[in-house]
Amino acid sequence: MNGIHDIGGFQGLGAIDYVADEPIFDEDWERQVFALHVAMSGQGIYNIDQFRHGIERMHPIHYLGSPYYEHWLATIEDNLVRSGTLTKSELNEMVQRFESDPDLGLSSSDDSGLAQSLADLIPRGGWTDEAISEQPLFKLDDRVKTRNFHPTGHTRLPRYARAKSGVIKAIYPSLVLPDTNADNQGTNPAYVYNVEFSGLELWGDSAESNTLVRLDLWQGYLLLDA
Amino acid sequence: MNARNNDYDPSALVIDQIYPIPADKLPARTKALEELLIGHGLLTQEAIDRVTAAYEQEISPLLGAQVVAHAWSDPTFKEALLSDATEACRSLGIGGLQGEYMVAVENTATVHNVVVCTLCSCYPWPVLGLPPKWYKYPEYRAQIVMHPRLVLKQTFGLDLPPSVEIRVWDSSSEIRYFVLPQRPSGTEDLSESELIPLVRRELMIGVAR
């Protein structure tokens, strides 16, 4: 999707607000939202690709103007409704209840294993590899060209690297394809390659000398460049 | 940008908002979601506390610093780290969520590496903890991939001559990258534990050298 999230090369955003030390969360609601995402995705209610794509579908004004964890809140709510876990009307009702009484506390809950299963998930992780019978199409040092495509759905080929020539530098295992996994169209695993693009290839006359970008790209994003 | 809209519609989903939600409404919206999920048996306070404790207290750049200090002190480990960072980190009890497949990229005299996620905020949590705001917000993501030399100099005070190749790793898949910085000169007599405090997260992201 050619959304605001695909921001590599965007200009006019101003200075990077670099701070060496800061709290991990600025507000308590951010901490809660973070834990919510781990808990929801950890229980398989939505996958990481659906999570990312929700953020991508935010309006650009909203995306650029809101704090980071508001992006997470947006996509968590959306994915909970899309998955049928919550209905919009029960959410509206509950939001109204808490907005009219902000001091209202949460109901107590008997854990019976969720906390431990998430605690176990954190060091284990959730690797997205899926073996396929085919061999990789490309080999190390092959010259490839990225497709010129502009899907309206999720993809992990940034706009700045479309229709660009690069070189295969590494071949990774076959991984779930985000483009289809974000939209309930299946995992469709494919080999992922690390591809090197010179700064010159990407940015032309505006490139700094002696710079390059390495991107991880799924096989379907690439064509052999003769 | 700090656009705030006085016409906030609480009945619309957050994702359907055009403008950022008034800041004072965010705690209530978050609690509403939590309360519903508790009611549905999908969330508990204990689970929230356990997850936040992991990332506020247990997982931090100190883990990555231990990996780097060990690589600086032990050439066999360094080789193992560069060939299979996931396994090498596992041997130190480090790994997991958002680091299921990690790659350590080595700085040399002629190559400087820096990591970004232009599309979102992918970051190697098991070795660096949660990312700082500057890494996640649009300004860094937009600029580091196009003008790394300028960004490193202007924002981070790192002035690299054109003879040093800059490799920008845009984390577009589930593979997670972090930088193995060069061991500083003059540290030859330091023990591994004395090296750890020298390894700031900026070095492992690649905005310092």
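In strand β3 of chain B, V168(B) is the bridge partner of V213(A). The structure is a predicted model, so to speak of local features a pLDDT of at least 70 is needed, side-chain atom pairs count only at pLDDT 80 or more, and totals for chains, interfaces and linings use all residues. Residues are numbered from 1 along each chain as its sequence is written, while chains are lettered from A and ligands numbered from 1 in the order in which they are written.That pair belongs to β4(A) and β3(B) (residues 165-170), which pair in the parallel sense over five bridges. Two strands count as paired if DSSP finds at least two bridges between them. Helices (H or I, at least four residues) and strands (E, at least two) are themselves DSSP runs, numbered from the N terminus. On the chain B side, strand β2 (residues 111-116) also pairs with β3(B) in the parallel sense, this time over six bridges, and H112(B) stands opposite I166(B).

Now for the whole sheet. Strands of a sheet pair through backbone hydrogen bonds, either parallel or antiparallel. In this open sheet, seven strands follow the order β5(A)-β1(A)-β2(A)-β3(A)-β4(A)-β3(B)-β2(B), and the pairing is mixed. The edges are β5 of chain A and β2 of chain B, each of which pairs on one side only. On average, neighbouring strands are turned by 35° against each other, direction ignored.

At the chain A end of the sheet, β1(A) (residues 143-146) has partners on record in two strands. With β2(A) (residues 165-175), β1(A) pairs in the antiparallel sense over three bridges; K145(A) stands opposite S165(A), and V144(A) stands opposite G166(A). With β5(A) (residues 222-224), the pairing of β1(A) is again antiparallel over three bridges, and T146(A) stands opposite L222(A). The two faces of β1(A) can be told apart as well: V144(A) and T146(A) make up the covered face, whereas R143(A) and K145(A) make up the uncovered one.

What does the contact between the chains take from each? It takes 92 residues from chain A and 82 residues from chain B. Residues are in contact if their C-beta atoms, placed from the backbone, lie within 7 Å. Elements of chain A that each supply at least two residues to the side touching chain B include α1, α4, β2 and β4. Sorted by class, that side of chain A has 49 nonpolar, 23 polar and 20 charged residues. In this scheme Ala, Val, Leu, Ile, Met, Phe, Trp, Tyr, Cys and Pro are nonpolar, Asp, Glu, Lys and Arg are charged, and the others, Gly among them, are polar.

Two of those helices also touch each other within chain A. The axes of α1(A) (residues 28-42) and α4(A) (residues 68-82) come within 9 Å and cross at roughly 40°. Axes are lines fitted to C-alpha atoms, for helices over the stretch in contact, and angles run from 0 to 180 degrees between N-to-C directions. The helices α1(A) and α4(A) are therefore oblique to each other; angles under 35 degrees would count as roughly parallel, over 145 as roughly antiparallel, 65 to 115 as roughly perpendicular, and the rest as oblique. The residues of α1(A) in this contact include V33(A), F34(A) and M40(A), and those of α4(A) include W72(A), L73(A) and I76(A). The contact residues divide into nine nonpolar, one polar and one charged.

Two asparagines in loops of chain A are also worth a look. N184(A), in the loop between α7 (178-181) and β3 (190-198), has a phi near 55°, a positive value in a residue other than glycine. With 10 C-beta neighbours inside 10 Å, N184(A) counts as exposed. N210(A) sits in the loop between α8 (199-203) and β4, and its phi is likewise positive, near 55°. N210(A) is partly exposed, with 19 other C-beta atoms within 10 Å.

Finally, chain B as a whole has 11 helices and four strands. Its C-alpha atoms fill a box of roughly 60 × 40 × 30 Å, taken along the principal axes. Of the 209 residues in chain B, 52% are buried.

Key: Two residues are in contact if their C-beta atoms, placed from the backbone, lie within 7 Å. A residue is buried if 20 or more other C-beta atoms lie within 10 Å of its own, exposed if 12 or fewer, and partly exposed in between; C-beta atoms are placed from the backbone.
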